[in-house]
Amino acid sequence: MYSRWNTYSSYLRERYGQNVYRIGVDAGFSCPNRDKSRHGGCAFCDGTGSVAVYQRATESGFRRTAAYDSRTADTILPRLMSIREQIERGRAFLERRYKAKLFSLSFQSWTNTYDTPDNLRRIYDEGLAVLPFKELLISTRPDTVSEDVLELLESYITPELDVWVEFGLQSADDNTLRLINRGHDLASYMDATERAHRHHLKVATHVILGLPGEGRESFIRTARAVNDSGVEAVKIHNLHITGGTALADDYLSGLLTVMSEERTLEATELFLRHLDKRIIIERLISETPYHRLLAPRVFPDKSKFLRHLEERMERNGTRQGDSV
C-alpha cells in the first residue's frame, strides 16, 4: 500500500509468503534502569512496560476519545497472566481480527534479557513450546545483553525460526540520552548491535522523534547512526507525554512541548530520507491509549497519519534513503 518506504508487511510477505502476526507477551521482567540507583528510569516511561493492546483486559473499555486519567499505571494495568495464557489470548484475538495463520512470539514488555541465562532459557522455552512460531522477538536494552545471553538467543536460530533483538536507542545524541536518563550512551548501542550481529541475530532499533532540544540535525544524526549500526529494522515513535513521567512534569510546567502533526510529518520524512533504503520500517507512529496520554491530544490515528505521510512524500517526490 505504501510505496515511499520499506514496509515491514512487504518484508514479511517476501520472507514467508504472507503476513506474520506478533503475539506480544509480558513475561514478568523488570528494568534495570528503574532501579533507585538509576533515578527511576527513562524520562518518558510511565511504568506500563509496553504491554500489547489485546493483553490489556482492564483497559478494554477505554477508547481513543477517552479523557486523560490521572490514576497510576499500576492501578490501570496490573501484571498479567501466564505466558501460555497470553499467547492463547493473543492468537485468538489475531485470528478473529485478521484471520492470522502465522505468528511471531514477541517478548515485548520491559527488559526481556534482564535475568540469568538459565532463567531466560526457561522463560523463552515456555513460550516457544505453545506454537510453531516464525520469529522470536526480544525487546531489551543495549546495556543488558551479555555474551551469555547473546549465545542463548543464537541457539534458537533455525531454518524455521528467525531471532530478533530490539534495542531502544531513542537518539544518537549523548546529551539527549543523559537528559532523558536512558542509562546508556551511543557507544553502548553500537557495541550491542555489533555483538548481536556477530551472533547472527537480526536487530531492530527504536527511535523517538521530538525529544527535548532536538530538531532537524538531531534527526539526521540519529538516522545516520542507525545506518552505521547495520540494523535490519527500525521503529519510529513520535514523542508522547504520558502521566507519571519526568517529561510529564516538564510538560505540565510549560517547559516542554510536543510536535504537531505537521511537524511530525516533516520530521518523519526527513528521518526516512536519511535512512538507508534497505532498513525495514516496522513502525512510524506511537499509539498510546488516550486515557494515559497528556500530549499530543489532537493528532490523527495511525491510518490517517500514514496516508498523510505517503501523500506528503509523493507530493515532494521523496522516498526512504534518497538523501543517504
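**First stop: Arg297**

Select Arg297, which has a relative accessibility of 30% and therefore counts as partly exposed. This residue sits in the loop that links strand S9 (293-295) to helix H11 (302-316). Please note throughout that the model is predicted.

**The whole chain**

Next, display the entire chain as a cartoon. The secondary structure consists of 11 helices and 9 strands. Of the 324 residues, 56% count as buried. When a surface is drawn, the accessible area is about 14,800 Å², and carbon and sulfur atoms contribute 48% of it. Among contacts with a separation of 6 or more, 84% link residues 24 or more positions apart.

**The sheet**

Now select the strands of the open sheet. There are 7 of them, with parallel pairing, and their order is S1-S2-S3-S4-S5-S6-S8. At the edges lie strand S1 (21-25) and strand S8 (280-283), each of which pairs on one side only. On average, neighbouring strands in this sheet are turned by 25 degrees against each other, direction ignored. In general, the strands of a sheet pair through backbone hydrogen bonds, either parallel or antiparallel.

**Strand S5 and its two partners**

Proceed to strand S5 (residues 202-209), which runs parallel to strand S4 (residues 162-170) and is joined to S4 by 6 bridges. Which residue of S5 is the bridge partner of Val165? Selecting Val203 shows the answer, as Val203 is that partner. S5 is also joined by 6 bridges to S6, and these two strands likewise run parallel. To see this pairing, select Ile208, which stands opposite His237 in S6.

Within S5, select Thr205. Is Thr205 buried or exposed? Its relative accessibility is 0%, so Thr205 counts as buried. Beyond its neighbours within four places in sequence, Thr205 is in contact with Phe167, Leu169, Tyr189, Val226, Val231, Ala233, Val234 and Lys235.

**Strand S6**

Select strand S6 (233-238) next. All 6 of the 6 residues of S6 are buried, so this strand is largely enclosed by the rest of the structure. In a regular strand, side chains alternate between the two faces of the sheet. In S6, both faces are covered: Ala233, Lys235 and His237 are buried on one side, and Val234, Ile236 and Asn238 are buried on the other.

**Helices across the sheet**

Then select helix H4 (residues 117-128), which lies across strand S2 (103-107) and strand S3 (135-140). The angle between H4 and S2 is about 155 degrees.

**Last stop: H4 and H5**

Which residues of H4 meet H5? Show the side chains of Pro117, Leu120, Arg121 and Tyr124 in H4, which meet Asp148, Val149, Leu152, Leu153 and Ser155 in H5.

Definitions and conventions. Residues are numbered from 1 along each chain as its sequence is written. This is a predicted model: local features need pLDDT of at least 70, side-chain atom pairs count only at pLDDT 80 or more; totals for chains, interfaces and linings use all residues. Side-chain values use heavy atoms; hydrogens and water are left out. Helices (H or I, at least four residues) and strands (E, at least two) are DSSP runs, numbered from the N terminus. Buried means under 20% relative accessible area, exposed over 50%, partly exposed in between (1.4 Å probe, protein chains only). Contact means heavy atoms within 4.5 Å. Accessible areas come from the Shrake-Rupley method with a 1.4 Å probe; for residues, only the protein chains shown count as cover. Two strands pair if DSSP finds at least two bridges between them. Axes are lines fitted to C-alpha atoms, for helices over the stretch in contact, and angles run from 0 to 180 degrees between N-to-C directions.
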